Amino acid sequence: MSGFHSHKPRIRFWLVGIILVAAVLFGWHTILRYRERKATEAMIEEANAKRLAETAETEPEESDSASLDLSQDTVTWQGKTYRRNTYIKAILCMGVDRSDDMQGTREAGYAGQADGIFLLAHDTARNQIQILMIPRDTMTEIMTTDWDGNELGIQVDHLTLAFAHGDGNTGSCDYMTTAVSNLLYGLEMDRYLAVDTTVISTLNDAVGGVTVTVPTQGMEKTDPAFVYGEQVTLYGSQAERFVRYRDTAVDNSALYRMNQHRQYITGFFDAVKEQSRKDSQTVTRLFDLIQDYMITDMPKEEYLKIGVDVLTDSTLKEDDFFTLPGYGVTTDLYDEYYVNKQQAVPIILQLFYRETS
């Protein structure tokens, strides 16, 4: 019987990027390109520095972020005034590792975990997208419940478990949006989208397979075809094996699989674009395939527009991807990730606000 927590060797990682690329056809390719297992702190810090170099020169004072309230339309940061850009929507995207459809509700503890968490910044005026990637093991305040679903109050725990404490449906999504909003200084979430892992193989084959170059040594343990450096076209269950593989003996290994994620997301996006040249209804058809495996408060025309925007936007690039800054630690049982909010604030402001003075 499964509970809210799983030991690291049993944690079943589900890459939301795959599902979200398919579900909303994001043209995602991860900003973390490192193939060597560096320290988590250095990896995250260096990746974000490349995309936000202008903010790295000055470290904000603790008091700047301690009093910041991003639930307000207008905020002050380091002597400058920012206003929330109403054209940019914050869409919380979640990949749920439940191996089931997303219909109906579930008992608390059996709702699944949000193993992939991405905050989409959708510029509705320019039809552009940027992505903030949030590690599943981020330690933050979440609502906890007992096995009967009765709320026990707020506790600091893994962000992924906010979904598990809910009802496996809109209640779980509400818990997640609240937790992420609080993590990001009260930034309001405009929409949410949650999709289950069972659609990976279906979507992979629906675009004719996905071609990748194996970026991680040792992956042949999960499939003989996954030889380091070799190009492979994935079919069926291979897609899931490719994105799930990690060496559980390595601490914070969920963070080190980003090269696999980049390879698959990039390959999937290429396959979707190629398929769209043959069939203009590709976006609609992919959504139709996963209707029973997704939960969203977006009307159909809205998430279809996001897919079309990404397919037609030729400017999507690595500078459009960010990882929430922080560092990973390991306890006897679990990996934990702690956000550096001082470094996170400039990224949030860049994504969702505009400077006015």
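Two strands count as paired if DSSP finds at least two bridges between them. With that in hand, welcome to a few close-up views of this predicted model.

**View 1. Strand E8 has a partner strand in E3 and another in E11.** Let us start with E3, which covers residues 88-97 and pairs with E8 in the parallel sense over six bridges. To find your place here, look for Met-94, which stands opposite Ala-194 in E8. Now turn to E11, residues 294-296, where the pairing with E8 is antiparallel and runs over three bridges. The residues to look for this time are Val-195 and, opposite it in E11, Met-294. How many residues of strand E8 are buried? Five of the six in this strand, residues 191-196, are buried, and E8 is mostly covered.

**View 2. Strands E1, E2 and E15 form an open sheet.** The three strands follow the order E1-E2-E15, with antiparallel pairing. Which strands sit at the edges? They are E1 (74-77) and E15 (353-355), each of which pairs on one side only. On average, neighbouring strands in this sheet are turned by 35° against each other, direction ignored. A closer look at E1 and E2 (residues 80-84) shows four bridges between them, in the antiparallel sense.

**View 3. Helix H13 is largely enclosed by the rest of the structure.** This helix takes in residues 341-352. Why can it be called largely enclosed? Because nine of its 12 residues are buried. Among them are Val-345, Ile-347, Ile-348, Leu-349 and Phe-352, and also Pro-346. At the N-terminal end you can find a cap made by Asn-340: one of its side-chain oxygens lies 3.1 Å from the backbone nitrogen of Gln-342. Gln-342 itself is one of the buried residues of the helix.

**View 4. Cys-93 and Cys-173 are buried cysteines.** Are these two residues buried or exposed? Buried means under 20% relative accessible area. Cys-93 has 1% relative accessibility and therefore counts as buried. Cys-173 comes in at 0%, so it is counted as buried too. A disulfide is a covalent bond between the sulfur atoms of two cysteines. How many turn up in a search of the whole structure? The search finds zero disulfides.

Notes:
Residues numbered from 1 in each chain as written. Predicted model: local features only at pLDDT ≥ 70, side-chain atom pairs only at ≥ 80, totals over all residues. Heavy atoms only, no water. Helix = DSSP H or I, 4+ residues; strand = E, 2+ residues; numbered from the N terminus. Axes fitted to C-alpha atoms, helices over the stretch in contact; angles between N-to-C directions. Expected span 1.5 Å × (residues − 1). Buried < 20%, exposed > 50% of the residue type's maximum accessible area, 1.4 Å probe, protein only. Polar contact = N/O pair within 3.5 Å; in protein donor to acceptor, adjacent residues only side chain to side chain. Disulfide = S-S within 2.5 Å.
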